[in-house]
Amino acid sequence: MSYKAAFIDLDGTLLDSEAVYQRFWKEGIKKAGYDPSLIDTLELRSLDHDLADGLFKQTYGPDVDSDLIRSFRSALMDEYLLEHPFHVKEGVKEGLAYLNQKGIFCYIASATPRQKVRELLSSFGLDGYFKEVFSTRDVKRGKPFPDVYLKGLSLAGVSPKEALALEDAPAGAKAAITAGIDTFFCLDLSGPSKEIIDGLKGVLVRFDDIKLFL
């Protein structure tokens, strides 16, 4: 397959940030007065805002204050990151360089706001590898819906068969698969779920394992 574009998730795929999110989701839930042991916060990875609210309601009841949980999570995590910044995962720069050498334009497809993504890419010296940033904040529905990928395909001017996606979370992988894009799962906090595993083109231990498939 001759790919022209690679759509790449940020948290957990390029950066070792998902473990930090998991910690502070739990701390934010606890500070808001709820029991974090009742919810599997891994399900929140890359998840659409409304679906995340539904998960909170299913777990804690219809009156749960999801926005309060989010605000506590954000404040606690931002304070922590001042002295404990994220790191680029192993093989990322090598893998991105390989994709660029193959003539494959790289794009970010993330649940994080675009400006924040750009700041993070710049701080880690990754911005030069990417042509554009696409965020679920700029489409109607987040992952696992395919909206961000469909928008990315349109703006990049490529068909689904001319693109590949790299994701670390089942919700993100499902979004890319639903958009008809060849999807590779980057191992981070968990492996692929049963729902998506048959739709994947490969599973990567390190980001630069993408070389094995191209």
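Predicted model: local features only at pLDDT ≥ 70, side-chain atom pairs only at ≥ 80, totals over all residues.
## Around Ala171

Ala171 sits in helix H7.

Is Ala171 buried or exposed? Its relative accessibility is 13%. Buried means under 20%, so Ala171 counts as buried.

Now compare sequence and space. Val139 and Ala171 lie 32 residues apart in sequence. Between their C-alpha atoms, the distance in space is 16 Å.

## The sheet

In what order do the six strands of the sheet run? The order is E3-E2-E1-E4-E5-E6. The sheet is open, and its pairing is parallel. Strand E3 (130–135) and strand E6 (202–204) form the edges. Each edge strand pairs on one side only. From one strand to the next, the twist averages 25°.

Strand E1 covers residues 5–8, and strand E2 covers residues 105–110. The two run parallel, joined by four bridges. Within this pairing, Phe7 has Tyr107 in E2 as its bridge partner.

## Helices on the sheet

Helix H5 spans residues 114–123. Helix H5 lies across E2 and E3, and runs at about 145° to E3.

Helix H7, residues 170–178, also packs on the sheet. Helix H7 touches strand E4 (163–167) and strand E5 (182–186). The directions of H7 and E5 make an angle of about 170°. This is the helix that holds Ala171.

How values were computed
Residues numbered from 1 in each chain as written. Heavy atoms only, no water. Pairing = 2+ DSSP bridges. Axes fitted to C-alpha atoms, helices over the stretch in contact; angles between N-to-C directions. Contact = heavy atoms within 4.5 Å. Buried < 20%, exposed > 50% of the residue type's maximum accessible area, 1.4 Å probe, protein only.
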